Amino acid sequence: MYRIGEAEIKRLRRLFESGKIFRYGHGGECDRFEAGWSKYLGVEHCRMTRSGTSALYTALVGLGVGPGDQVIVPAYTYMATALAVLSAGAIPVIADVDNSLTLSPKDVERRITKHTRAIMPVHMVGLPCNMKKIMKIAKKKDLLVLEDACQAVGGGYEGKMLGSIGHAGGFSFNFFKNMTCGEGGAFVTNSEAAYQRGSVAVDCCSFYWNPEEQREELQFAGHNYRGSEPEGAILNVQLGRIKGMLSRMREQKKELLQVGLDAGLKSIKNNSLDYECGTHLGFLFKKEKQARAFADALHSQSVGAFLPMDTGRHVYTRWDPIMRYQGAHHPALDPFKIPANKKAKIKYTDDMCKDSLDVLSRSVLIGTHPDNTRAKVRKMGEAIKAAAETS
């Protein structure tokens with residue numbers, strides 16, 4: 001969380017005083033946020049959800065992904081990315097990340113089979129994937145692209161907003177994201193059909209709140225992942241802050257990155273410095289020992305830094321339910337066991353993405369913050385220069 005305070009409290013107070021705290025029937029906070037977020041991203045449709053995970057799941061349902069399909073996901077992402085694929089009944093195929101710490105287009109091509117239906121690039125820790133190459137592959141192979149922008153809320157890539165480039169995009173608004181309402185999420189798309197199907201997956205009564213709207217072909221048994229009016233109210237305030245916050249963090253990243261380069265460090269690959277979130281800058285070392293020495297030196301000077309390899313469930317080897325082939329609470333619903341996926345199943349091993357484990361263990365990420373003072377940024381720069389001498 002970056003900023004939250006009195007403005008959100010005032011908006012919530014007005015909401016509660018109005019008594020209109022159910023999301024339907026009055027053009028309330030959720031409707032306003034969905035319209036505002038669509039406009040910000042430049043997309044046609046947005047549907048709020050309970051979380052980033054449910055946003056990805058409902059987007060997959062909207063896109064028609066299901067049993068018999070494979071979906072390519074990166075080796076470095078929160079395991080919810082792959083779990084959302086399983087929730088839709090499909091099989092996640094794990095591909096390497098490259099020196100950008102995001103999905104490797106080269107390895108994506110290597111992992112495509114006749115069962116591949118979609119690619120899920122993840123803009124991890126605010127770092128955009130190489131969407132130009134990924135979209136080129138998808139077009140060539142006639143594949144769907146669902147952008148997981150859960151950790152890159154508000155960021156862009158070469159002038160386009162993350163989440164708007166593929167066929168759909170998913171976002172998280174939990175406590176740790178650029179915009180937050182505590183929990184929450186949304187999926188976006190330019191496809192009317194994907195939006196309508198995904199909306200039923202979000203809300204089992206999506207077409208029942210309006211008795212005049214009859215869509216029998218879409219009224220399948222959905223769930224209840226709909227957002228709430230209090231969440232919408234908070235997000236409407238947060239949306240007003242995001243552009244300026246990311247601009248400040250991009251400036252800090254560029255400044256600190258240059259300090260590191262001048263000190264002889266090597267940067268991770270940055271796919272779109274002028275448009276990305278700017279929440280993290282990264283340096284790449286020849287050996288893990290050097291990376292850890294650099295991070296330790298920063299810690300000693302009160303500068304936050306971490307190795308991506310140390311982030312637990314964000315590394316595929318720690319995705320226990322997947323590595324153990326536990327795809328659902330009941331065998332009859334388990335994508336790993338149902339007949340439709342017999343030919344789509346793959347074997348998961350700890351060393352299947354060795355290149356990812358290597359780069360994740362040799363990289364160090366440093367976070368920025370929109371409230372950092374000039375003095376704080378200078379201090380971080382000095383710490384980076386001093387730490388470079390120890391690595």
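Student: Which residue stands opposite His-45 in β9?
Tutor: That residue is Thr-189. Before we go on, remember that this is a predicted model, where local features need pLDDT of at least 70, side-chain atom pairs count only at pLDDT 80 or more, and totals for chains, interfaces and linings use all residues. Residues are numbered from 1 along each chain as its sequence is written, and side-chain values use heavy atoms, with hydrogens and water left out.

Student: In what order do the strands of the seven-stranded sheet come?
Tutor: The order is β1-β9-β8-β5-β4-β2-β3, in an open sheet with mixed pairing. Its edge strands, β1 (45–49) and β3, each pair on one side only. On average, neighbouring strands of this sheet are turned by 25° against each other, direction ignored.

Student: Which strands of this sheet does α7 touch?
Tutor: Contact means heavy atoms within 4.5 Å. For angles, axes are lines fitted to C-alpha atoms, for helices over the stretch in contact, and the values run from 0 to 180 degrees between N-to-C directions. Helix α7 packs on the sheet and touches β1 and β9, and its direction makes about 15° with that of β1.

Student: Why is α7 described as largely enclosed?
Tutor: Buried means under 20% relative accessible area, exposed over 50%, and partly exposed in between (1.4 Å probe, protein chains only). Eight of the 11 residues of α7 are buried, so the helix is largely enclosed by the rest of the structure. Among them are Tyr-195, Gln-196 and Val-202. The cover over these buried residues includes β1, α3 and β9.

Student: Which residues touch the most other members of the largest nonpolar core?
Tutor: A nonpolar core is a set of buried Ala, Val, Leu, Ile, Met, Phe, Trp, Tyr and Cys residues joined through side-chain atoms within 4.5 Å. The largest one has 54 residues, and Ile-94 and Tyr-316 touch the most other members. Helix α3 gives the most to this core, with seven residues. Apart from it lies another core, of 46 residues, including Ile-112 and Tyr-157.

Student: What is the strand order in the sheet of four strands?
Tutor: This open sheet runs β10-β11-β13-β12, with antiparallel pairing. The edge strands are β10 (266–267) and β12 (305–306), and each pairs on one side only. Helix α9 (residues 288–300) packs on the sheet, touching β11 (280–284), β12 and β13, and its direction makes about 25° with that of β13. Between β12 and β13 (residues 363–367) there are two bridges, in the antiparallel sense, and Phe-306 has Leu-365 as its bridge partner in β13.

Student: How many disulfides are there?
Tutor: A disulfide is a pair of cysteine sulfur atoms within 2.5 Å, and by this rule the count is zero.

Conventions. Pairing = 2+ DSSP bridges.
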